[in-house]
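Here is a short briefing to read alongside the model on your screen. Have the viewer open and follow the points one by one.

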Amino acid sequence: MSSNLLPCKLCGEQKKLINAHIIPKQYYRRIIPKGAKPHLLKFEVDDVANESKTQSGIYQDDLLCSDCDNQIGQYDKYGYEVLPHQIDESKLKEPFGHGLKIYEIGQIQVETFRLFLVSLVWRAGIARDSMFELIKLGEYEDGLKQILLGKKTDLLDTITAVVVLFRPPKYSEIMWSPFCSKMDGINIVTFYLPPWKILLKLDRRPFNDPFDKFALSVGKPTVATVQDFWSKGEFRLLCDFHQKSRKAAGLE
Ligand SMILES: [Zn+2]
């Protein structure tokens, strides 16, 4: 068997597999500053920060056939539309007072956007790159795949997410590794797709109050919550990264 004729991880057919992005490349491209060389720096922060360059993000050549990649590409395309790079400031509202802002995304095709989220987390869960090592799907891996194969599963009805417009005071254009955690006891996966952050629920229980009010829901206009600060965990991550990257650069 030729090494490039392997079963596609989605349809299972033995085909020529192509370079498939894990996080759609647009999300990388949009964080490249205008006029900069067309590459991003990829850092792995372990004991030391390892640096490498990437042209268009992370892809893997033994995941998908071109038919499946094209299908997922349609969801990606819709994902870019819903989560644009440019923010329309007139959509920022403060309906609750207390400085709590929301961003009105408006009516979207929640079902299609949800398929984008399903494909994103499924790809991240099966990817080998260390950027995705914190994503452990366990029993969800097969269920997510069945959804992408068009099979109606009861899992699909439990998939929802809180969309966050993430505008920290500095370093807003870093794509941090996605990770699994719990939010108020509910299992979630966090993705950073600057300037957005997605809190994707992978749990059969519903979100607790107040997250249930902001979560994607079929037939309801979509709103994002606005986070203009670093959470404690994010700030720790940033400090750690800063310190290790300075050390790696010989500055300390
Ligand atoms: Zn396939």
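This is a predicted model: local features need pLDDT of at least 70, side-chain atom pairs count only at pLDDT 80 or more; totals for chains, interfaces and linings use all residues.

- S10 and S11 (residues 196-201) run antiparallel and are paired over 6 bridges.
- To find the pairing in your viewer, look for Leu193, whose bridge partner in S11 is Trp196.

- On the S9 side, S10 has another antiparallel partner: strand S9 (residues 179-183) is joined to S10 by 5 bridges.

**How enclosed is S10?**
- Of the 8 residues in strand S10 (residues 186-193), 6 are buried, so the strand is largely enclosed by the rest of the structure.
- A residue is called buried here when 20 or more other C-beta atoms lie within 10 Å of its own.

**The sheet as a whole**
- These strands belong to an open sheet of 7 strands with mixed pairing, and the order across it is S6-S7-S12-S8-S11-S10-S9.
- Strand S6 (92-93) and S9 form the edges, each pairing on one side only.
- Helix H3 packs on this sheet, where it touches strand S8 (160-166), S10 and S11.
- The direction of H3 makes about 85 degrees with that of S11.

**Where helices H2 and H3 meet**
- Which helix does H3 cross at roughly 115 degrees? The partner is helix H2 (residues 66-82), and its axis comes within 8 Å of the axis of H3 (residues 110-126).
- H2 and H3 are therefore roughly perpendicular to each other, and their crossing is left-handed.
- On the H2 side, the contact is made by Ile72, Tyr75, Asp76, Tyr78, Gly79 and Val82.
- On the H3 side, Thr112, Phe113, Leu115, Phe116 and Ser119 take part.
- Sorted by class, the contact of H2 with H3 has 7 nonpolar, 3 polar and 1 charged residues.

Technical notes: Residues are numbered from 1 along each chain as its sequence is written. A residue is buried if 20 or more other C-beta atoms lie within 10 Å of its own, exposed if 12 or fewer, and partly exposed in between; C-beta atoms are placed from the backbone. Helices (H or I, at least four residues) and strands (E, at least two) are DSSP runs, numbered from the N terminus. Two strands pair if DSSP finds at least two bridges between them. Axes are lines fitted to C-alpha atoms, for helices over the stretch in contact, and angles run from 0 to 180 degrees between N-to-C directions. Angles under 35 degrees count as roughly parallel, over 145 as roughly antiparallel, 65 to 115 as roughly perpendicular and the rest as oblique. A crossing is left-handed if the near helix is turned anticlockwise from the far one by less than a right angle, and right-handed if clockwise. Two residues are in contact if their C-beta atoms, placed from the backbone, lie within 7 Å. Ala, Val, Leu, Ile, Met, Phe, Trp, Tyr, Cys and Pro count as nonpolar, Asp, Glu, Lys and Arg as charged, and the others, Gly among them, as polar.
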